[in-house]
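Dear colleague,

Please find below the structure for your records. I would be grateful if you would read the notes that follow with the structure open beside them.

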Amino acid sequence: MNNSLISFPAALSISVRELDHSTLKWAWSQQLFDSPAFVEQYRLYKINWFASYLYPELDPEKLELLTRFFLCLFLIDDYMDQVSLKEAAGLVSGLKRKPNPLKNGVFETLIKETLQLKKLIGFHYNTSWVENFENHWFDYLEGLEWELAIKIGGVFPEIRDYQLMRPHSSGVFLALMVLSEEEVPASCRKARIEQDVARFICLSNDLASLEKERKQNDPINELLIREQFQDSESVRNMVFRELERLGKRIKEEGLLLQKESAVEGLWVEKVWLLLGGCQAWSFENMRYSKGLNGTIRF
């Protein structure tokens, strides 16, 4: 998320190096990687630092589960871009617990571990939280299927459809759910902040990965969609203005929400740290410009 117009505070968990090592060791032991070179790429690109940037204050037990869970989401993202569309559809089908006629040992293990981690994460929260997380998980999988349909069709999606579906397929709402350790009252302002955060992250990621996805002819990028109708410089300028507007509104709405209660104030601070963590992680790793695909599904 390389955007210098708006910045948010960032921090990093003190457990990050230990978690990076243990998570890679765990993933290799579970045969989630198909080669040692793939493991090394994930180490070099600091994939397992992502959760430690997003949740720098989280206790190590929960953070370990989330580090593994996000690793699985990154793997889902990368495998879906590496295999045939039929195989990618089979992976999503498995994640939806539907029968999958395609036999792929790595996929079967990845599906099993991802769903098990999702269950283990839920043990740290109440029933209401788990239900909401399941709803966002279903939306995430629907988003993946939408992206596959776009790629199968071979045409750019409509811009409104993209803005509606991309936040779900990115997984950003799953990440935001983790911030609600305490019951944060539902409100229009909280919902607006969440929507703005999702848009800010998705648009920033599209800006950062633009040239890579242009070379790959990947239609899942808002800037490329807009370039069908506008020149590249105008599109980039529009995106910078939009990011600046969103960033300012996230801060302004957050300040207003902080006045409501201590619980809401704490949630806002966590949201800002999540955004700052996304920016810091994106700035220092090479994922958007080289080698691996994608954004985090997110």
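The notes below concern a helix pair and the cysteines.

Please bear in mind that this is a predicted model.

Helix packing

Two packed helices are described by the angle between their axes and the distance between the axes. Here, helix 7 spans residues 127-153 and helix 8 spans residues 159-170; they pack at an angle of about 125 degrees, and their axes lie 7 Å apart. The two helices are therefore oblique to each other. The crossing in which helix 7 passes helix 8 is left-handed. On the helix 7 side, the contact is formed by D139, Y140, E142, G143, L144, W146 and E147. Helix 8 contributes D161, Y162, M165, R166, H168 and S169. Sorted by class, the contact of helix 7 with helix 8 comprises five nonpolar, five charged and three polar residues.

Cysteines

A disulfide is a covalent bond between the sulfur atoms of two cysteines. The structure contains zero disulfides. C202 is in no disulfide, and the nearest cysteine sulfur to its own, that of C278, is 10.0 Å away. C202 is buried, because its relative accessible area is 7% and the cut-off for buried is under 20%. C278 is likewise in no disulfide, with the sulfur of C202 as its nearest cysteine sulfur. At 4% relative accessibility, C278 also counts as buried.

Yours sincerely

Conventions: Residues numbered from 1 in each chain as written. Predicted model: local features only at pLDDT ≥ 70, side-chain atom pairs only at ≥ 80, totals over all residues. Heavy atoms only, no water. Axes fitted to C-alpha atoms, helices over the stretch in contact; angles between N-to-C directions. Helix = DSSP H or I, 4+ residues; strand = E, 2+ residues; numbered from the N terminus. Parallel < 35°, antiparallel > 145°, perpendicular 65-115°, else oblique. Left-handed = near helix turned anticlockwise from the far one by under 90°. Contact = heavy atoms within 4.5 Å. Nonpolar A, V, L, I, M, F, W, Y, C, P; charged D, E, K, R; others polar. Disulfide = S-S within 2.5 Å. Buried < 20%, exposed > 50% of the residue type's maximum accessible area, 1.4 Å probe, protein only.
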